[in-house]
Amino acid sequence: MSREKTYNFSAGPSALPTEVLATAANELLDFRSTGMSVMEMSHRSSAFLSIFNETKADLKEILNVPDTHEILFLQGGASSQFSMVPLNLMAPDECADYAVTGNFAKIAAKEAGKYGTVNIAADTSYCNHTRIPTQDELKLNPDAKYFYYCGNNTIFGTEWHYIPEVSVPLVTDMSSDILTKPLDVSKFGIIFAGAQKNLAPAGVTLVVIDKSLAGHEQAVTPLMMSYQTMINKDSMYNTPPCYNIYMLGLMLKWIEARGGLEAMDALRHEKSALLYNYLDESKFFIPCAEKEARSFMNVTFNTGDADKDAAFCKAAAAAGFVNLKGHRLVGGMRASIYNAVPMQAVEALVEFMKDYEVKNRV
Ligand SMILES: *Cc1c(COP(=O)(O)O)cnc(C)c1O
């Protein structure tokens, strides 16, 4: 199957823009007359340092990161942050608030429980995470050192459409909604994101941290998991994921050229509306998430019958619409429509689904 005829709706690692991949391909063997690939360079070389610094500067500009915050390029995926956050932000006899609105937040809360006390501020498992708690529903503990939530629930297809009002630092897993909308970074203590959804290939983890939160890690904290270590060494205590940082840099240029986060925001509204509007009128497909909580990035739906779901995924894949199978915790289907998935792919999918419905509805 050719790239031109493939519509990739993968939840992660996900589609990257063809333009970005083409630039990377052009520069693969000889990066701007250095005679080397970016993969072959020392991370201390001037050629790589200029890539690193430009990527950081572009991110600072696009995401409007204030000087109070540091940008870190780490490894270990978003999952490593599940441990790094509690180790750095609370002492063993302290506590933190966690909102459990999906599987990744649930794992994060469990992990934090190893290093301190976790207060479950909200838990939507009773409705299989089809909704997001309201501000009034959050049970905040006055002694909490921070409030943790997952901004977009990649598996369940729900998204926080408001920033919780709390009096402690906000820690947010933005793995699947980073750079999809303008953001007031100053409201957050820590934002983190595994790159492979919306930023770059898997292998680099973005952390944006209010610098005043670093330097108070528990004594047992591994050196590599101390934010202060990484801030002091500008993400280069050890070898950073150089090639992935380079790819992130290309992706940032791509976002910038398309109008930045305002443009990404408009695009996500347009793409998701097309899909949800069709799902709402369909007599064959059923959207999973509650309307108010719907994710702009991961659209979850099913037919109400596991066999029919499987038959649809098979037919869709044969027609070029790949990676539509839902996560095993939810079943059904999931169309992930991150920044790099073009409007045209969503239009083609909706046309395919309409046609499929006509042929298969009884
Ligand atoms: C994918 C994902 C993760 C896990 O990311 P890794 O980089 O694989 O550790 C965590 N949180 C969210 C919201 C995700 O989408």
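1. Helix α6 (residues 242-257) packs against helix α7 (residues 260-281) at an angle of about 75°, and their axes are 7 Å apart. That angle makes α6 roughly perpendicular to α7, a label used for 65 to 115 degrees. Residues W254, I255 and E256 of α6 meet G260, L261 and M264 of α7, where contact means heavy atoms within 4.5 Å. Axes are lines fitted to C-alpha atoms, for helices over the stretch in contact, and angles run from 0 to 180 degrees between N-to-C directions.

2. On the basis of the note: this is a predicted model, in which local features need pLDDT of at least 70 and side-chain atom pairs count only at pLDDT 80 or more, while totals for chains, interfaces and linings use all residues. Residues are numbered from 1 along each chain as its sequence is written, and side-chain values use heavy atoms, with hydrogens and water left out. Helices (H or I, at least four residues) and strands (E, at least two) are DSSP runs, numbered from the N terminus.

3. An open sheet of 7 strands runs in the order β2-β10-β9-β8-β5-β3-β4, with mixed pairing; two strands pair if DSSP finds at least two bridges between them. Its edge strands are β2 (69-74) and β4 (117-123), each of which pairs on one side only. On average, neighbouring strands of this sheet are turned by 15° against each other, direction ignored.

4. Strands β3 (residues 95-100) and β5 (residues 144-150) run parallel and are joined by 3 bridges. Here C95 stands opposite A144 in β5. Helix α4 (residues 103-112) packs on the sheet, touching β3, β4, β5 and β8 (170-173), and its direction makes about 160° with that of β3.

5. Strand β10 (residues 205-210) has 5 of its 6 residues buried, so β10 is largely enclosed by the rest of the structure. Buried means under 20% relative accessible area, exposed over 50%, and partly exposed in between (1.4 Å probe, protein chains only). β10 pairs with β2 in the antiparallel sense over 6 bridges, with D210 as the bridge partner of H69. A further 5 bridges join β10 to strand β9 (residues 190-194), also antiparallel; in this pairing G194 is partnered by T205.

6. A second open sheet has 3 strands in the order β11-β12-β14, with antiparallel pairing. Strands β11 (286-287) and β14 (333-336) are at the edges with a single partner strand each, so one side of each is left without a neighbour in the sheet. There are 2 bridges between β11 and strand β12 (residues 298-302), and P287 stands opposite F301 in β12. Between β12 and β14 there are 4 bridges, and F301 has M333 as its bridge partner in β14. In β14, M333 and A335 point one way and R334 and S336 the other, yet all are buried.

7. D309 is found in helix α8 (residues 306-318). D309 is buried yet has no salt bridge, and the nearest side chain of opposite charge, K308, is 8.7 Å away. A salt bridge is a side-chain nitrogen of Lys or Arg within 4 Å of a carboxyl oxygen of Asp or Glu; Lys and Arg count as positive and Asp and Glu as negative, with His and the chain ends not counted. Leaving aside residues up to four places away in sequence, D309 touches N302, T303, G304, G332 and M333.

Note on methods. Angles under 35 degrees count as roughly parallel, over 145 as roughly antiparallel, 65 to 115 as roughly perpendicular and the rest as oblique.
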